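Have a look at the model first, then try each task before reading its solution.

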Amino acid sequence: MGYPHPIHSSETPVLSTHFGVHEARTYAGWVARGGYEALRKALTMTPEQIVDEVKASGLRGRGGAGFPTGLKWSFMPKDDGKPHYLCCNADESEPGTFKDREILRWTPHALIEGCAIGALAIRAEVSYIYIRGEYTEPYHILQAAVDEAYAAGALGPNALGSGKRLEVFVHRGAGAYICGEETALMNSLEGRRGNPRIKPPFPAVSGLFGQPTTINNVETLAAVPHILNRGAAWYAGLCLGNPKSTGTKLISVCGHVQRPGTYEITMGLPMRELIYDACGGMLPGRTLKAVIPGGSSVPIMTPAEVDACVTDYEGIAAQGSLLGSGGMIVMDDSTDIVYQIMRLARFYAHESCAQCTNCREGTGWTTRILERIVRGEGKASDLDLLMDLAENMTGKTICVLSDSCATPVVSGIQKFRADFEAYLSGARAPALVGV
Amino acid sequence: MTVHETESHEPVFVGETLARLEALAPRYPTRMALLLPALWMVQEARGWVSDGAIHEVAALLELTPAYVRGVITFYTMYHTHPVGRHFIQVCTTSPCNLCGAEDVARALLEHTGCGELGTTSPDGRFTVMEVECLGACGFATPLIIDDDFIEGVTAAGVPAVLARYT
Amino acid sequence: MSTELLTVTIDGVPVQVAKGTPMIEAAKMAGIIVPHYCYHPSLPSPAVCRMCLVQVEKMPKLVPACVTPVADGQVIHVHSPEAIKAREGVLEFLLINHPLDCPICDQAGECELQDFVFQGGRANSRYTEPKRYNPVEDFGPDILYVANRCILCTRCVRFMENVAEQPVLNVSERGDRAFIGIDESQRLDHPWAGNVVDLCPVGSLISKDFLHKARAWDLDGTASVCTGCTQGCNITIDTRDDIVVRLRPRPNLEVNRHFICDTGRADYRWMNRGDRAEAPLIREGATLRATGWDAAVARLSALVRDVTGPVVLLSGGRASCEALGWTARLLGEKQLTAAMQVPLGSEEPIGSIPDLALRAERSANLEGARMLGLAGDWDAAVRAAGAAGLVVVLDVHLSDADAVTVAGAQLLVQLTTVADPRLTNAELILPITSVVESQGVLVNRDRRAQRVLPARPAPGMARAAWWVAAEAWAASAPGREAPATASQAFQALEAFGGLSHTDLGFSGRTVGSSPAGVAR
């Protein structure tokens with residue numbers, strides 16, 4: 001549902017069915033809603049059977065990369081005698097993205113159950129849910145749910161009486177966007193600076209504590225119980241667009257729409273329908289200027305691209321952007337897009353871990369140029385310089401934070417050049433930067 | 001390595017707090033993994049992480065103070081200086097920025113008396129920090145005050161929010 | 001590493017390298033240096049500086065050569081337009097917050113940032129914003145951190161964490177606010193900490209001892225061996241106008257990898273002593289008179305020939321194999337008691353590298369003396385000196401107590417760099433070169449024979465000890481010919497199997513079998 005709003009007819013509530021229902025947070029309330037049946041079922045299945053079911057569903061990673069979940073699970077070694085770990089990435093911090101937060105605070109047991117099933121699939125006993133430090137309310141709710149699940153025997157040395165050990169531990173982050181990058185998250189969980197690691201080795205070979213590890217997003221894992229309950233075919237059938245994009249997707253919409261919130265759509269819903277129908281469209285008297293559809297790291301879309309776009313992995317890619325995390329930032333014609341791009345660059349400069357030269361220095365430099373342009377001190381050559389720096393920041397670092405900083409700058413200059421030129425020529429009055 | 005005495009520090013990890021930390025130890029194969037949880041406990045107990053606490057945590061987890069300091073400074077939520085009685089984090093990243101977050105931040109500075117970001121109000125009541133995306137973009141503008149997550153704050157609504165914190 | 005060989009082509013040069021070799025090392029074998037900062041062969045690679053990105057055919061993105069092992073048949077381009085552009089980009093990024101204070105920076109002239117910018121950087125920076133500023137910090141007894149020059153390569157952090165195993169340095173903060181941090185309560189005073197100065201590719205970590213002492217281009221470097229202990233770390237002696245101003249580690253993977261300890265690093269002031277013995281002094285009644293070498297050698301030869309009773313040779317730890325061997329040969333027809341002085345200190349291992357430590361036995365050529373049979377019990381030898389017919393002290397600084405005993409000898413000869421004022425009753429005081437003024441061989445504890453080369457000229461008339469001894473030996477009987485060079489002098493010593501200096505090369509060679517208890 002488009003929490004905090006009622007279900008809209010354009011939506012397909014699966015994960016979001018119980019958002020806003022306080023009782024669903026409790027163990028009893030969750031069981032009354034069919035909870036833990038999927039885990040019971042999974043406990044009778046072999047890891048291969050679980051993996052095959054998830055593969056058949058077409059579920060793809062909901063954190064941003066869209067990698068097929070079943071395939072990722074199948075990379076985990078068999079009979080290697082090592083401990084395996086499941087990490088749940090609840091470090092939701094991509095600007096514009098707040099969909100996992102609703103799962104964490106409204107249906108924590110869906111996530112716990114998904115973790116337990118995922119752990120069975122990859123032959124792990126221990127799952128860690130790494131939740132960002134700023135999510136104080138979701139943390140307390142999630143921890144309470146985990147405690148209840150242990151008390152009820154759903155977790156522990158004899159999960160649901162199966163004789164199998166399934167542990168779920170909640171681990172709090174402490175303020176670092178980059179810890180949403182999977183290897184940075186592992187470093188952080190190990191008690192280190194959250195620096196992304198060089199790959200290879202990939203987590204399935206050497207991940208958390210040097211052991212084979214799978215890391216999945218909250219929404220991905222929360223979808224798994226539904227797939228086991230209702231079958232892969234049902235999930236794969238939820239598709240309005242490209243058959244490679246199946247199921248439902250939580251899209252958190254923010255910015256200049258009438259009803260910002262977290263909407264659950266069937267993959268392939270036209271983006272226009274989401275923005276103009278489900279979200280109620282623009283604020284009175286305003287028109288659409290731009291949309292960043294998948295969290296701040298993806299290219300900015302123009303209204304024409306939005307109109308032509310269906311909301312799934314392939315559909316958004318066809319319009320030159322990415323579905324990413326499903327964090328949709330909508331900007332109307334009142335938006336100073338140069339200022340907002342500056343503000344995004346500042347975000348990445350603030351969050352750069354400092355390892356790679358291009359990112360450490362490039363994000364800061366990019367920000368300072370954009371700030372200068374906004375202050376009215378831009379030079380004609382600045383746009384070319386920004387584009388060249390963006391090239392030097394793209395595809396050259398350990399992780400993609402550097403690329404993410406470059407992306408809105410490049411797409412912004414390409415698609416909204418006139419806005420930049422207005423600052424450069426003095427046609428637009430300089431603005432104050434920051435608070 | 002020469003180790004000098006640091007300022008007097010009343011240990012955090014005694015009695016129940018120590019027991020709470022050690023209860024977490026079996027969750028992880030290393031002691032280092034207890035670092036973030038331990039620092040959270042320090043901050044919960046003292047409001048900030050002092051030099052003395054850094055040394056205490058380092059000794060407890062068999063790490064060096066420099067290592068612990070490197071980790072602390074990576075994360076934005078640990079305070080290495082004392083802060084006001086109530087610590088306010090206000091998000092001004094683009095999605096909230098579009099919806100007037102900077103006005104909210106300015107209102108906070110004005111009504112708390114802090115004047116500047118990162119400083120503590122003269123009465124010691126508040127410290128206001130501008131932070132990056134709090135992950136509640138649909139509920140602009142969100143604040144975190146101490147442990148409370150507050151959604152949908154407007155500049156006009158700031159005095160009413162502050163009134164709840166004495 | 002497996003011995004399986006792979007063939008790769010790097011900038012058109014085919015090379016065969018062992019499987020598992022990183023591209024950056026494979027390129028070295030092809031004679032190509034891939035510019036780099038964070039990579040160091042003795043440290044784990046974090047691949048963070050992004051300087052070593054190279055283009056590999058059939059790979060979509062540039063790859064870091066430091067952490068990517070080669071694959072068979074790969075075609076690698078270090079100097080493709082794309083790789084060059086990427087490097088130029090990194091250099092520009094590194095320079096935006098770098099102060100360009102090269103004129104007052106100790107690293108200038110041996111700075112990897114300077115070098116690579118000169119080779120492949122932009123002529124002008126496009127950066128017009130203010131630069132980051134952080135104050136200089138005092139990290140330890142000999143180390144300053146100039147944060148503004150730091151390029152965050154983290155070699156120093158990794159050295160302390162992974163090699164010294166004492167992580168007192170960290171990366172603090174994030175993004176372009178990051179710097180190398182230390183806890184205020186701790187100091188960078190590990191016995192091997194000084195290596196961070198050498199590891200630092202720029203002038204960010206600098207030695208207080210060397211601060212503003214010389215410009216790199218005014219220095220002459222000489223390959224040598226540290227004389228501080230039996231480890232025998234390979235070093236480079238840097239001199240400016242014939243004054244030794246700095247010792248640096250010289251890589252030798254078998255002995256000291258890329259490191260030396262701080263004790264060895266600081267042990268150079270004796271090399272510059274101004275109170276050197278400069279002319280042979282020969283006894284004439286109650287006084288010592290300066291003379292030429294012909295007279296001095298003749299007197300030495302006669303003394304040895306005429307001596308009655310036992311002979312004692314007391315040598316210092318820096319005496320080379322040539323000096324020891326030829327002095328012993330000169331004295332060899334007599335009943336000889338010989339010992340080498342071995343000062344003792346604490347053993348200070350580097351940390352994670354096995355077989356690398358500042359050794360308790362602070363005597364560089366102890367093993368050489370042992371192999372020559374000249375390392376008897378020191379105290380017994382000193383006691384014997386009191387009753388000996390002749391005592392030769394060879395480049396040794398005696399304790400006061402030992403000096404009293406030795407001064408009581410019937411007949412005393414000093415072969416020395418500095419005349420010992422407590423032994424002025426000597427018959428001869430012969431000025432010799434120090435170990436940094438002559439060629440010679442020292443044998444370390446693992447029986448690795450290693451060469452030292454002259455880093456500064458001999459003062460006055462000083463000659464190598466082996467030359468003095470050999471000349472006297474040749475003069476003492478007809479038909480004897482003294483060796484003309486140090487190499488010949490070494491080659492003539494049976495204990496070392498006839499090896500010449502050339503055979504030893506610049507990284508030495510193991511001679512004889514390893515002594516008991518030393519695994520190699």
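As a starting point, pLDDT is the predictor's confidence in each residue, from 0 to 100. This is a predicted model, in which local features need pLDDT of at least 70 and side-chain atom pairs count only at pLDDT 80 or more, while totals for chains, interfaces and linings use all residues. Residues are numbered from 1 along each chain as its sequence is written, and chains are lettered from A, with ligands numbered from 1, in the order in which they are written.

**Exercise 1.** Find what pLDDT chain C averages, and where in chain C pLDDT stays under 50.

*Solution.* Begin with the average: chain C has a pLDDT of 95. Next, 98% of its residues score at least 70. Then look at residues 516-520 of chain C, where pLDDT stays under 50. Where pLDDT is low, the predicted coordinates should not be read in detail. For the model overall, the scores are ipTM 0.96 and pTM 0.95.

**Exercise 2.** Describe the side of chain B that touches chain A.

*Solution.* Two residues are in contact if their C-beta atoms, placed from the backbone, lie within 7 Å. Counted this way, chain B brings 39 residues and chain A brings 45 residues. Now turn to the helices (DSSP runs of H or I, at least four residues, numbered from the N terminus). On the side of chain B that touches chain A, α2(B) gives the most, with 4 residues.

**Exercise 3.** Work out which helix of chain B gives the most to the side that touches chain C.

*Solution.* This contact takes 14 residues from chain B and 17 residues from chain C. Of the chain B side, α4(B) gives the most, with 5 residues.

Notes: Helix = DSSP H or I, 4+ residues; strand = E, 2+ residues; numbered from the N terminus.
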